[in-house]
Amino acid sequence: MSQPLLSVKNLSIVYEVPNLDVVAVSRASFDVPRGSIVGLVGESGCGKTTMARAFTRIISDNAKITEGSMDFDGKDLAKISEREMNDLRWRDIAFVPQSAMNSLDPVYRVEYQMHEVLRGRGGMSRSQAKARAAELFEMVGIEANRLRDFPHQFSGGMRQRVAIALALALNPKLIVADEPVTALDVIVQRQILDQMRALQRDLGISIIMVTHDISVVAYICDRTVVMYAGEVVEDCETATLLSKPLHPYTMGLKNAFPDIASAGTGILTPISGAPPDLARPPAGCRFAARCPFALDHCRSVSPTLMSFGDDHSVACHRAHEAEALRAQAALPETWGEIL
Amino acid sequence: MTTPLVEVENAQLHYRVGSAVSAMMGLPSVVKAVDGISFSLNKGESVGLLGESGCGKTSMGRLLVRLENVTGGSARFDGAEISQLKGRALRTFRSRSQMIFQNPFDAVNPRYTLAKTMAEPLANAGIPKSEWRDRIIKALELVRLADPEQYLDRFPHQLSGGQLQRVVMARALILEPDFVVADEPVSMLDVSVRAGVLNVFREVRDKLGLTAIYISHDLALVRYVCERTIVMYLGRIMEDGPTEAIVREPLHPYTQALVAAVPTPNADQSHEPLPIGRGAPDPRNPPSGCVFRDRCPKAFDRCAAEVPASKKVGTRHVACHLFDEAG
C-alpha cells in the first residue's frame, strides 16, 4: 500500500483564552489515503472545523498546535516554517471555507479573484490566467462568460461552484472543504457532490469533507472519521460505519436521521443532552453523559482510539459488545426521552 | 362538512424588482414569487410546502400569516380575506396565526432576555401583566424545556441552537394559535438535536390540534411531519397529494427529481445523475407554458405552448401535460 497523503497523529489544538485553555482538538489521529474522499463528521463545537483549518494553519491567533504531527507528503504541517506553509497553500492544499458562498469578495469581479490566485500564487501570466480561469469554470459547470460577473450575480449553488473552482486553480493534491453543501437545497447539494466526486476521480486528488450531515458522508465519502468533543471516536470505511458502527455516538447519529428509503417514518430519536464544555472536559469518556450504555468505568477512564477489526478504529470501552449494543441502539426507548 | 380554515384561490404575490432604467431597457421587472396558487387546509391538517430555494414556498407561507399581502387572487383565513383584515379582526388574526422562523438566532432580539422575548406577543395581545409569567412558563413547558424558570433571565447567546428553536416555538405558541407556519425550523440545527425539535413539533401540534404548514426542501423531513405535501416550482404548484404516495411514486417529473435528491444515511444509494437540468431559470423571465419545461427531461411541444392545468390523478393533483389524457 502506498503511504497516505496526509497522516494526522496525536494532534492537539488549544484555544488560549485568558485564564482558560479550551482544548478544541485532543490527540486526534487519522489518515487520508491518496485519491480518496474522507469525511470529518460531528456536531457543532466538536473541533472538526478547527482541525480542518489546521491543515493549512489558518487557525486563529490564540489557537496553538500543542502536540502531534500532520504528515503531508513527507512534510510535517505542524512543524514547517510559515514560509514553507505558504508555499503549500493553494498549490498543494486548498481550503474551501464554510459558507464559501459568502467568502467571495462582493466588490470584485469573480475573474479578478481567480486571477489573484492564478497570477499571485501560481505565477501565471495574464493570458495564462485567463485561459486557466475559463477552463476551471468549465470544470465546475459554469459558462466561462460568467467570469466577468460579480458574486451577487450568481446563485448560492453557483457561488459554491466558484469556490470549488478557486480551490482547484493550482492543481492541489488535497482539498479541504468545510461544510461545502450546508445551506444548499437538496437538488443543488446533490449536483455539487456529484461534481466533487467526478473531479476527485478525474484529477486523482484527495478531499476532506467537513460536515455535520451523515447523509453527505454516506453519499460521497470513502472513509469517515467521527469526532466528538474534540476527539476522534471512530474511523473506518463509510460503508462499514453505516452498517456496523462500533461507537454508540455513531449509532445514535443514524437514529436521528430521517431515511426516505425506509418503509415508514418510524420515530426519530435524538441524542439528548449536549456535548461537554471543552474548557472543563469530564473525566473518562466524553460521551458518557449522553451514552445509554455508559458504565461506571466509562465515567472515570478515558477510552483510547484502538484498532478493532479490519481497518476500523474506535474509542469505546464496550466496542467488543458492539453487535448487542447496535440492536439496543435501534430501539427508541434506549435513548430515553425523545422530546 | 366543516369549512376549511385556510383557503387559497389563485393567489398571486408579485414583487416589483429592478430600477426605472432596467424597465426602460425593456427588462422584465416583476418576480412572480407566487403565481396562481390554490389549495385549502382543513382544521387540524398539516401540509408540507416542498421545493427548491426560490420556488416561492416561503413567500406563500408569509402571505398566510400576513407578512405579505396578495397582489392578486385570494387567501382567506376562517372565511375572511387575510389582506383585508383591520382593527380588532386583525389583532385576533395575529394571535391566531403564527410563524416559526428558520434561524432561531435571527428570530429573537439578542439584547432581550428570553422572558422579554416571550412577553412581547402577550403585551401585543393585551394580556394582563399578572398572567405573563405563568403563561411563559407554561409555553416553555409545552416545548419540553426542562426546568423552564432557569431560562427566563438568560440571553439568546447562552442557549444552544436546539434550545433556542424551542423558545422560538414556545413564543409562537404562547397565544394559543390555531394555525402555524414553520419555515425550515430545523435546517440550522445539528442532526442530533433535530429529531427532538421535530418530535416536539409533532406533539404540540397534536395536543393543540394545530393546523400547520411545514416549509422545507427536504422531503424526508416533510414526510416526518405532514401527511400531505404540496410541491412548488417557480411560484406554482406542480403536485399536491398524500406524502406517502408522493414519496413512493412521485408523478410530476419535478417531484421525481426532488425525491431522487433526498439524501439518505445509507451506503447503498443511487448515484445516478438527477433527472433534472441544472440551474433554475431567472425568475423574472420564466419559460412560457410549463415553468419547469427547460429542466424537464420529458418536455415535449405542448409544454412550451400551454400552461398545464392541475388535473386529478388518483388521490393527487398534478400540473403536467404528461397526465392530460389520464383524466
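Q: Hi! Is B:C226 buried or exposed?
A: B:C226 is buried, at 4% relative accessible area (buried is under 20%, exposed over 50% and partly exposed in between, with a 1.4 Å probe and protein chains only). This is a predicted model, where local features need pLDDT of at least 70, side-chain atom pairs count only at pLDDT 80 or more, and totals for chains, interfaces and linings use all residues. Residues are numbered from 1 along each chain as its sequence is written, chains are lettered from A and ligands numbered from 1 in the order written, and side-chain values use heavy atoms, without hydrogens and water.

Q: How many disulfides are there over all chains?
A: The structure has 0, a disulfide being a pair of cysteine sulfur atoms within 2.5 Å. For B:C226, the nearest cysteine sulfur is that of B:C55, 14 Å away.

Q: Switching topic: which residues of helix 3 of chain A are buried?
A: Among them are A:V110, A:M114, A:V117 and A:L118. Helices here are DSSP runs (H or I, at least four residues), numbered from the N terminus.

Q: What covers them?
A: The cover includes helix 2 (82-88), helix 4 (126-139) and helix 5 of chain A, with contact meaning heavy atoms within 4.5 Å.

Q: What comes just after helix 3 of chain A?
A: There A:G123 takes a positive phi of about 65 degrees.

Terms used. Helices (H or I, at least four residues) and strands (E, at least two) are DSSP runs, numbered from the N terminus.
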